[in-house]
Amino acid sequence: MKYKACLFDLDGVLVDTAIYHFQAWKTLGRQFDFELSHEQNEELKGISRVESLEKILQWANYQATHEQKDRWLKEKNENYLALISNMNSNEILPGVISFLQQLKEQGFLIALGSASKNAQIILEKTGLITWFHAIIDGNKVSKSKPDPEVFQKGAEALGCSSEECIVFEDAQAGIDAAKAGGMKVIGIGSPLVLSGADKIISSFTEIQVSDFLTL
Ligand code: G6P
Ligand code: MG
């Protein structure tokens, strides 16, 4: 078989945490009178915490000191952790478990490729952790998406070449990262905001493993 592995982004692909990141950044922005929009939030998807703050400060045209930045990064994460504190398997997105089950039955390797430093805790809270053969998260990479590092490390950890991997992503930065790594990518979301993917679906309820084997 051509493909051996699937690499999954976490936030907005497996679990509905994208909304919590949005809420936490929105709350933070209000400290300097900035109201984060949905369109701007799209650009924050897939990129690291530090880079997200830098973008927000730029949009707000606010010159922050190092101390303010450190404090706000901490505050945003504390707020985010509070929002996800009661997370459980109910917040796994529709169709995800049955898709993972199909992959397992068909012998695929499964890895996580996420920019989040909170990935481990979310995988544990939701019980998703048991599906993964490798986990590459924000603690294991030095370059953010759209750099392909996170997916290249995922492929390497599974012992696969990039041609043998399919990436699942909800962020434009993540689609670009997968493409830069020479991998096939399925976008999760709307074709109105995502471009460059080999296929776009709105949810895992729309796809069977057999649907992507011909990509
Ligand atoms: C993911 C999300 C981003 C988030 C980043 C870092 O890529 O899509 O919105 O900023 O992870 O997450 P963290 O949990 O480390 O703040
Ligand atoms: Mg995502």
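Analyst: A term to begin with: a salt bridge is a side-chain nitrogen of Lys or Arg within 4 Å of a carboxyl oxygen of Asp or Glu. Please keep in mind throughout that this is a predicted model. With that rule in hand, K179 and D198 form a salt bridge through their side chains, with N and O 2.8 Å apart.

User: Where do K179 and D198 lie in the chain?

Analyst: K179 is part of helix α8 (residues 172-180), while D198 sits in the loop between β5 (184-188) and β6 (199-201), so the pair ties together parts that are 19 residues apart in sequence.

User: How many salt bridges does the count come to?

Analyst: The count comes to twelve salt bridges by this rule. One of them joins K4 to E164, where the closest N and O atoms are 3.0 Å apart. This pair links distant parts of the chain, since K4 is in the segment before β1 (5-8) and E164 is in the loop between α7 (149-158) and β4 (165-169), 160 residues apart.

User: Why does E164 count as buried?

Analyst: E164 counts as buried because its relative accessibility is 17%, and buried means under 20%.

User: Which residues are linked in a network of salt bridges?

Analyst: That would be D9, K145 and E169, which salt bridges link into a network.

User: Okay, switching to helices. How do α3 and α4 pack?

Analyst: Two packed helices are described by the angle between their axes and the distance between the axes. For α3 and α4 the angle is about 115° and the axes are 11 Å apart, which makes α3 roughly perpendicular to α4. The crossing of α3 past α4 is right-handed.

User: Which residues meet there?

Analyst: From α3 the residues are R49, V50, L53, E54 and L57, and they meet K69, W72, L73 and N77 of α4. Sorted by type, the residues of this contact of α3 with α4 divide into five nonpolar, one polar and three charged.

User: What do the side chains of K69 and E54 do?

Analyst: The side chains of K69 and E54 meet in a salt bridge, at 3.0 Å from N to O. K69 belongs to helix α4 and E54 to helix α3 (residues 49-60), so to speak a link between distant parts of the chain, 15 residues apart. K69 is buried, with a relative accessible area of 19%, whereas E54 counts as partly exposed at 35% relative accessibility.

User: What about α1 and α4, how do their axes cross?

Analyst: The axes of helix α1 (residues 18-29) and helix α4 (residues 66-83) come within 9 Å and cross at roughly 140°, and therefore α1 and α4 are oblique to each other. As for handedness, α1 passes α4 in a right-handed crossing.

User: And which residues in α1 and α4 meet?

Analyst: On the α1 side they are Y20, H21, Q23, A24, W25, T27 and L28, and on the α4 side W72, L73, E75, K76, N79, Y80 and L83. The residues of this contact of α1 with α4 divide into eight nonpolar, four polar and two charged.

Conventions:
Residues numbered from 1 in each chain as written. Chains lettered and ligands numbered in written order. Predicted model: local features only at pLDDT ≥ 70, side-chain atom pairs only at ≥ 80, totals over all residues. Heavy atoms only, no water. Axes fitted to C-alpha atoms, helices over the stretch in contact; angles between N-to-C directions. Helix = DSSP H or I, 4+ residues; strand = E, 2+ residues; numbered from the N terminus. Parallel < 35°, antiparallel > 145°, perpendicular 65-115°, else oblique. Left-handed = near helix turned anticlockwise from the far one by under 90°. Contact = heavy atoms within 4.5 Å. Nonpolar A, V, L, I, M, F, W, Y, C, P; charged D, E, K, R; others polar. Buried < 20%, exposed > 50% of the residue type's maximum accessible area, 1.4 Å probe, protein only.
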